[in-house]
2 protein chains.
Amino acid sequence: MLVSKIISIGDEILIGQIVNTNASFISEKLYSIGIPVGKIIAIGDTEQALLNELDDSYKNYDVTIITGGLGPTHDDITKPILAKYFDDELVSDEKVLNHVKRIFKNRNIEMPEVNYEQALIPKKSDVIWNKNGTAPGIWIEKSEKVFVALPGVPYEMKAMMENSVLPLLKGKFESKVDYVLKSRTILTTGIGESNLAEMIGDVKSIIGDENKLAFLPTLYGVRLRIDVRGKNVKDVEEKLNIIESSLRYKIGNYIFGLDDDLLESKIGEILLKNKMTLSVAESCTGGLLASKITDISGSSNYFLGGVCTYSNESKIGILEVKKETLENFGAVSEEAALEMAENVRKKFDSDIGLSITGIAGPSGGTNEKPVGLVWIGYSDKFRTFVKKFLFGNNRERTKIRSAYMALEILKKEISNL
Amino acid sequence: MLVSKIISIGDEILIGQIVNTNASFISEKLYSIGIPVGKIIAIGDTEQALLNELDDSYKNYDVTIITGGLGPTHDDITKPILAKYFDDELVSDEKVLNHVKRIFKNRNIEMPEVNYEQALIPKKSDVIWNKNGTAPGIWIEKSEKVFVALPGVPYEMKAMMENSVLPLLKGKFESKVDYVLKSRTILTTGIGESNLAEMIGDVKSIIGDENKLAFLPTLYGVRLRIDVRGKNVKDVEEKLNIIESSLRYKIGNYIFGLDDDLLESKIGEILLKNKMTLSVAESCTGGLLASKITDISGSSNYFLGGVCTYSNESKIGILEVKKETLENFGAVSEEAALEMAENVRKKFDSDIGLSITGIAGPSGGTNEKPVGLVWIGYSDKFRTFVKKFLFGNNRERTKIRSAYMALEILKKEISNL
């Protein structure tokens, strides 16, 4: 069985300044192509530590992915040490140099001298193209062992893994991977982990002994990840389908998608299909709901816009919420949420209006209206209603949970169309 | 100098199912007490891998913190392997057993048989009390080396680190920690890594030979982390102040804060101090700018609200952008951005109005107006201006960079008040 290793380089990991999210991304990808990670290492910017790890990799692992230490500054040690370990030298790669120069030219900035070093590559290596940045990746093979060095900047590294490294590894090791590993994630919303577990019941009877089901709670719902291993893609796909069907039978009402599906994207599909438009009025979420909706490309086809009325004056002036409503019931009230949902729909002339008003905290709470109290309103031409929630005293979490709860309410309403 | 190591145990890390946040928490804590982490390892639930790492720890590290693998199920291997490595045996600890029994009793659940194993402890070890869960921690000392095993559940681990492990380590190694380590992060925005490096010039002459300066790029700017080591807190603080001053002298225009400061929070401070109010009009950022601003608690004291005009109709209807402007120049234009900034300021009756209009993509671009083209407008009662940017073809990045660029423009304007 093939096995891989990840070496993350950077003092910022060792002093706890950043969380090593790169390693989990890479692990998942390598696992999916049948070269699971056996060890993850994080070390500092020191020569001896990296040399030791390269040696361990060469002896014990088929594939080693190194992230970090590829930039143009003095603390970037990966390239010189790779050259040293493999008894190689660094030479300038013209294509990379032109790419780096072009990036600076496009930004209308003169290229600093230090960036010439970005184009230095170990002579016996191949370049992995980095379309999003100036630091190229490096691919080195020796005695059937593969070493890959990638920049530590997550979006650069991710694109390079997906576009280059994974296809290359798949091609190279195709004949050696004699089994298939696949996972599928079932996305749920509107139900907690333990209630889901209870509804699902005996897990082993659904997934079998060799496979895995993991419960991964997030702020917008619980993700259920199924891992299946088998002899070939067909067997594994079939097993995944069977497990998914069993789960849909038990908890189908709470499932909104698979894998990388987003609730906001699912909603977009339904609105598009029904040729419906949406607008939103936000208070405590401060624009987050609109921002989530517009994360989806093509959202301009159904999302007309939103208002973030963060003051009473703007609720009255922009949204035409009645002054008496705010005076009599307050800005965080059933009545205000109702008017906000209805008025934003009319203002934007959209089919549906959503509203959120609440107390995100940490201040502003009272006994009657505690921090975390949130009203969410829905309005279409047939009816307008609101729901009340208590999301606790963490400002950030209350913003996120309120925005997703509004999406969930919306999804429920439009799913029945 | 003392050095420590972290061993994280669990397949869920190696398959990328969870991010190893435990390691960054522990790293930061150990660094702060002068026992910095030299290596972080993640391995699976296998005996040989853990035995090898224990051996490496015993030879090379003063302190080793192990997380995970302490539960009561078959794949929890930490305790038996610790006993094996240290030639010890597992014995039942009565106090721990009573604690475990009490937890089940309090939950009104009958204790499963397997939980008797929670109370098993290596005979030559000390128990680290876990008030939040059933798995006790373990403290083993041998030849001045310390091994600590903690559960992998984050809130259990964190409480045990803070309440027990850190005080114990501090006490034990007090005489050996004859220096102080401190770091400070200088936050910059509006300039790239290599340009910063060029402006700073020779790093060693600023920070000295023993200290470190690391460049950490993010989407909103580059973070510069200074690590200083010295004999006592006073010396170290002074050195940090001197380095910070030197950096401010060289790149002061790009610095907006220190450590955990946020640009959006800094802006809030300045607005509050000057008793000024703000409103925003967004198109391509779709609410993200307002959401960033309202992430700051107390933002309702200066942020009056925003509009997200995602359609031409709403730009005209809600923001009163002239129809002719949109017809003649388009929604993504200098003229539209100008009107949006000025009109939102007037609509909300705020001192300052910000606007963003652009093409987030992936579709909607033309030769003249490519994907990534963004206009950002600023308006106060004295003047209104716009700036043009090209942020490339990644929708998510364009949203984030546009929002932060608007904040940066705002900060520059109000910093001079």
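Predicted model: local features only at pLDDT ≥ 70, side-chain atom pairs only at ≥ 80, totals over all residues.
Local features are given only where pLDDT is at least 70 and side-chain atom pairs only at pLDDT 80 or more, while totals for chains, interfaces and linings use all residues. Residues are numbered from 1 along each chain as its sequence is written, chains are lettered from A in the order in which they are written, and side-chain values use heavy atoms, with hydrogens and water left out.

**View 1. Overview of chain A.** Chain A contains 15 helices and 17 strands; helices (H or I, at least four residues) and strands (E, at least two) are DSSP runs numbered from the N terminus. The C-alpha trace spans about 80 × 60 × 40 Å along its principal axes. Of the 417 residues, 56% count as buried, where buried means under 20% relative accessible area, exposed over 50% and partly exposed in between (1.4 Å probe, protein chains only). Among the contacts (heavy atoms within 4.5 Å) in chain A with a separation of 6 or more, 67% join residues 24 or more positions apart.

**View 2. The interface of chain B and chain A.** The size of an interface is often given as the accessible area lost when the parts come together. Here the two chains bury about 5200 Å² between them, 56% of it on carbon and sulfur atoms; this buried area is the accessible area (1.4 Å probe) that two parts lose on being put together, summed over both. B:Ile15, B:Gln17 and B:Tyr310 supply 12% of the area that chain B buries against chain A, more than any other three residues. The contact involves 72 residues from chain B and 73 residues from chain A.

**View 3. A salt bridge between the chains.** A:Lys399 and B:Asp295 meet through their side chains in a salt bridge, with 2.7 Å from N to O. The count between chain B and chain A is five salt bridges, each defined as a side-chain nitrogen of Lys or Arg within 4 Å of a carboxyl oxygen of Asp or Glu.

**View 4. A:Asn115 and its partner in chain B.** A:Asn115 is found in the loop between α5 (94–106) and β5 (120–122) of chain A. A:Asn115 counts as buried because its relative accessibility is 1%. Its side chain makes a polar contact with the side chain of B:Ser194 at 3.0 Å; a polar contact is a pair of N or O atoms within 3.5 Å, and within protein one must be able to donate a hydrogen and the other to accept it, with residues adjacent in sequence counted only if both atoms are side-chain atoms. Not counting residues up to four places away in sequence, A:Asn115 also touches A:Pro72, A:Val100, A:Phe104 and A:Thr134.

View 5. Strand β2 (residues 37–43) of chain A and strand β2 (residues 37–43) of chain B pair in the antiparallel sense over five bridges. Two strands pair if DSSP finds at least two bridges between them. A:Lys39 stands opposite B:Ile43 in β2(B).

**View 6. Strand β3 of chain B between its neighbours.** All five residues of β3 (residues 63–67) are buried. B:Val63, B:Ile65 and B:Thr67 point one way, and B:Thr64 and B:Ile66 the other way. β3(B) pairs in the parallel sense over five bridges with strand β1 (residues 4–9) of chain B, where B:Ile7 stands opposite B:Ile66. β3(B) also pairs in the parallel sense over five bridges with strand β8 (residues 145–150) of chain B, and B:Ile65 stands opposite B:Val148.
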